[in-house]
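Subject: Two-chain model, handover and findings

Hello,

Here is the structure I said I would pass on. Please look through it before reading my notes below.

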Amino acid sequence: SAVISQKPSRDICQRGTSLTIQCQVDSQVTMMFWYRQQPGQSLTLIATANQGSEATYESGFVIDKFPISRPNLTFSTLTVSNMSPEDSSIYLCSVVRGDSYEQYFGPGTRLTVT
Amino acid sequence: GQQLNQSPQSMFIQEGEDVSMNCTSSSIFNTWLWYKQDPGEGPVLLIALYKAGELTSNGRLTAQFGITRKDSFLNISASIPSDVGIYFCAGQLGEYGNKLVFGAGTILRVKS
């Protein structure tokens, strides 16, 4: 497995502002992903964070709203831009190491937009 | 897109009872993963299944990868209060490291 940390663990933000969430892994990983979990719902993939290139976004998610960076093999950020109350969710990063099929999740960032 | 149908949606069982939940899909998956999520935490990987027909155990947990590659089940034997949480199945297409498709989750509550 991998030790994954996310910052912040939670935040309350005002409508129209932006928040950047950090994901740090204790060792190099092959793949990093960002998921959203809306209240009482399952997990939905936002994008795959690609090291050194633009992220690959899933249908319904766009770079202007959720810009992602991955400068190296242990760190990624997700920004939630121009927030609205509908963005209130838990945001989770996950990682895959080497050629494994197993995906491990961080503790999540609980975002509330007022 | 691919969808996973997970059932039951919730369960309220007596401590000591066995639990069974399953996921089905119209799509064929190469890997099935089962996760547990506690309140305020990220999902924790319980079991990973790689081959059709594979049966894998992890303590009191047993999971199987369906022969058709379109379904999987998870059994928990002799449930205890700490089994409370939300259990998710996830299917993976294609090569290693590929994205996951999640089921809606099964909420497990245990009466002590």
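What follows is a short account of each chain and then of the contact between them.

Please keep in mind that this is a predicted model.

Chain A

Chain A has 114 residues, 48% of which are buried. Along the principal axes, the C-alpha trace of chain A spans about 40 × 25 × 20 Å. Of the contacts in chain A between residues at least 6 apart in sequence, 54% join residues at least 24 apart.

Chain B

In chain B, the count is again 0 helices and 11 strands, and the order along the sequence is β-β-β-β-β-β-β-β-β-β-β. Buried residues account for 44% of its 112 residues. A compact globule with 112 residues would have a radius of gyration near 13 Å, and the 13 Å of chain B agrees with that. The box filled by the C-alpha atoms of chain B is roughly 40 × 30 × 20 Å along the principal axes. For contacts in chain B with a separation of 6 or more, residues 24 or more positions apart make up 54%.

The contact between the chains

Chain A contributes 22 residues to the contact and chain B contributes 23 residues. Together the two chains bury about 1,700 Å², with 58% of that area on carbon and sulfur atoms. On the chain A side, Tyr101(A), Gln103(A) and Phe105(A) provide 33% of the area buried against chain B, more than any other three residues.

As for specific pairs, there is 1 salt bridge between chain A and chain B. It joins the side chains of Glu58(A) and Lys99(B), at 2.9 Å from N to O.

Four strands of chain A each supply at least two residues of the side that touches chain B: E4 (31-37), E5 (43-49), E9 (89-96) and E10 (104-105). E4(A) gives the most, with 4 residues. By class, the side of chain A that touches chain B has 11 nonpolar, 7 polar and 4 charged residues.

Regards

How values were computed:
Residues numbered from 1 in each chain as written. Chains lettered and ligands numbered in written order. Predicted model: local features only at pLDDT ≥ 70, side-chain atom pairs only at ≥ 80, totals over all residues. Heavy atoms only, no water. Contact = heavy atoms within 4.5 Å. Buried area = accessible area lost by both parts, 1.4 Å probe. Salt bridge = Lys/Arg side-chain N within 4 Å of Asp/Glu carboxyl O. Nonpolar A, V, L, I, M, F, W, Y, C, P; charged D, E, K, R; others polar. Buried < 20%, exposed > 50% of the residue type's maximum accessible area, 1.4 Å probe, protein only. Rg over C-alpha atoms; globule rule 2.2 N^0.38 Å.
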